[in-house]
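Subject: Structure handover

Hello,

I am passing on the structure we spoke about. Please look through it first, then read the notes below it.

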Amino acid sequence: MTDIAPRATRVVASPGGRRRLNGGGPRAGTIAAFVIPFFLPFVLFYLVPVGYALWQSVRVVRRSGGQYGTSYTTFGGFEQYEKVLQNSEFWSSVGRIGLFGIVQVPVMLFVALIIALLLDTPLLKLKSVFRITAFMPYAVPGVIAAIMWSYLYSPQLSPVVDLLNGIGLKPDFLGPGAVLWSAANISTWLWTGYNMLIMFSALQSIPQELYEAARLDGAGNWTIAWRIKVPIIAPSIVLTTVFSIIGTLQLYAEPAVLRQISSNISSTFTPNMLAYAVASGNNYQQAAAISVVIAVITFVLSFGFMRLTSKRAGL
């Protein structure tokens, strides 16, 4: 009989008794063509820098022949990490950024959640306008946003400060007790729209039948929001919280810009600023150790938060 489908995929028995597809399966070259564009930059720009930082963090600079002798770099074990853990400026910066995160992250996510719920309610008109307006600050680069807000904080330039001074409030946004929260305000302004969009996208995936059933049971908009919507999008709230924890420990741009107009921000104000200051002094090994410790703290806090909330959020 003539083979009427000579090019069709056939099932061929392999020597071990397993079946394999002959002629229709994806080729290794095709898979590689899709994987390599991601894998190669991932290795070059992520794994290699991380590995190099780890290598630098276990090296120390020694001198032979006294203080003015020849310097050389050698393996030092955990010596750099001991210096970091004994550095009071490092722990001060960690404590400062911890206070920042404890206050700023809940406030930012609460505002993002409220905006997302308002955008999801049928009572709000012109939703697209409000959505774009809320998301627009995220389109502004962090450094540009910090420069804009530093203009509004400056006592010599800010029309806001002049207005508040005119009514007798006399604010000092760059003072020692307020400059941390001025930086927190910039971060909140920047990232609220981004987190709102994640929550709003999760809300859009909820079946409308749930709302209709709740209304038939007599539930109002407030009850539907807090008893149905918020529990369902809990995984998205956890995700935005993890992102915010990571971003808090990476804080750099906002205080670095404000430092140009405020003497109350030092070069060791945040852990990242401390690492940069140490690296600027040509102590790359200790800067690498600081970076590794920051990464470990970030991982512990993020993973710990996910473990604590995973059951409640349904992750």
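The notes below go from the whole chain to single residues and pairs.

This is a predicted model, in which local features need pLDDT of at least 70 and side-chain atom pairs count only at pLDDT 80 or more, while totals for chains, interfaces and linings use all residues. Residues are numbered from 1 along each chain as its sequence is written, and side-chain values use heavy atoms, with hydrogens and water left out.

Whole chain

The protein chain has 13 helices and 4 strands. These elements are DSSP runs numbered from the N terminus, with helices being H or I of at least four residues and strands E of at least two. The chain has 315 residues, of which 35% count as buried. Buried means under 20% relative accessible area, exposed means over 50%, and partly exposed is in between, with a 1.4 Å probe and protein chains only. The accessible surface comes to about 19,700 Å², and 65% of that belongs to carbon and sulfur atoms. Areas come from the Shrake-Rupley method with a 1.4 Å probe, and for residues only the protein chains shown count as cover. Of the contacts in the chain with a separation of 6 or more, 61% are between residues 24 or more positions apart; contact means heavy atoms within 4.5 Å.

Surface patch

I31, F34, V35, F38, F39, F42, Y46, L47, V50 and L54 make a nonpolar surface patch of about 1,000 Å². Patches are made of residues with over 30% relative accessible area and no salt bridge, where like charges are joined within 9 Å and nonpolar side chains (Val, Leu, Ile, Met, Phe, Trp, Tyr) within 5 Å. L54 is in helix α1 (residues 28-57) and is partly exposed, at 42% relative accessibility.

Salt bridges

The structure holds 3 salt bridges, each being a side-chain nitrogen of Lys or Arg within 4 Å of a carboxyl oxygen of Asp or Glu. As background, side chains of opposite charge can pair when their charged atoms come close.

One of the bridges joins R62 and E79, at 2.9 Å from N to O. This pair links distant parts of the chain, with R62 in strand β3 (residues 59-64) and E79 in helix α2 (residues 79-85), 17 residues apart. Both ends are partly exposed: R62 has a relative accessible area of 32%, and E79 has 22%.

E79 also forms a salt bridge with K83, where the closest N and O atoms are 3.7 Å apart. E79 and K83 are separated by about one helical turn because they are 4 residues apart in helix α2. K83 is partly exposed, at 39%.

D120 and K229 form a salt bridge with their closest N and O atoms 2.8 Å apart. That pair links distant parts of the chain, D120 in helix α3 and K229 in helix α9, 109 residues apart. D120 counts as buried at 10% relative accessibility, and K229 is buried at 7%. Salt bridges with shared partners join R62, E79 and K83 into one network.

Aromatic pairs

There are 14 aromatic pairs in the structure. Rings of Phe, Tyr and Trp (its six-membered ring) pair if their centres lie within 6.5 Å; planes under 30 degrees apart count as stacked, over 60 as edge-to-face and the rest as tilted. The ring centres of W222 and W226 are 5.6 Å apart and the planes are at 55°, so this pair is tilted. W222 and W226 are 4 residues apart in helix α9 (residues 221-232), about one helical turn. W222 counts as exposed at 64%, whereas W226 is partly exposed at 28%.

The rings of F299 and F303 have centres 5.6 Å apart and planes at 10°, so that pair is stacked. Both residues lie in helix α13 (residues 284-313), 4 residues apart. F299 is exposed, with 56%, and F303 is partly exposed, with 42%. F135, Y138, W191 and Y194 form one aromatic cluster.

Two single residues

N195 lies in helix α7 (residues 179-204) and is buried, at 2% relative accessibility. The N195 side chain reaches the backbone oxygen of W191 at 2.9 Å. Leaving aside neighbours within four places in sequence, N195 is in contact with M108, L109, A112, T240 and S244.

I115 lies in helix α3 (residues 88-120) and is partly exposed, at 25%. Not counting residues up to four places away in sequence, I115 touches A134, T192 and M196.

Regards

Methods: Polar contact = N/O pair within 3.5 Å; in protein donor to acceptor, adjacent residues only side chain to side chain.
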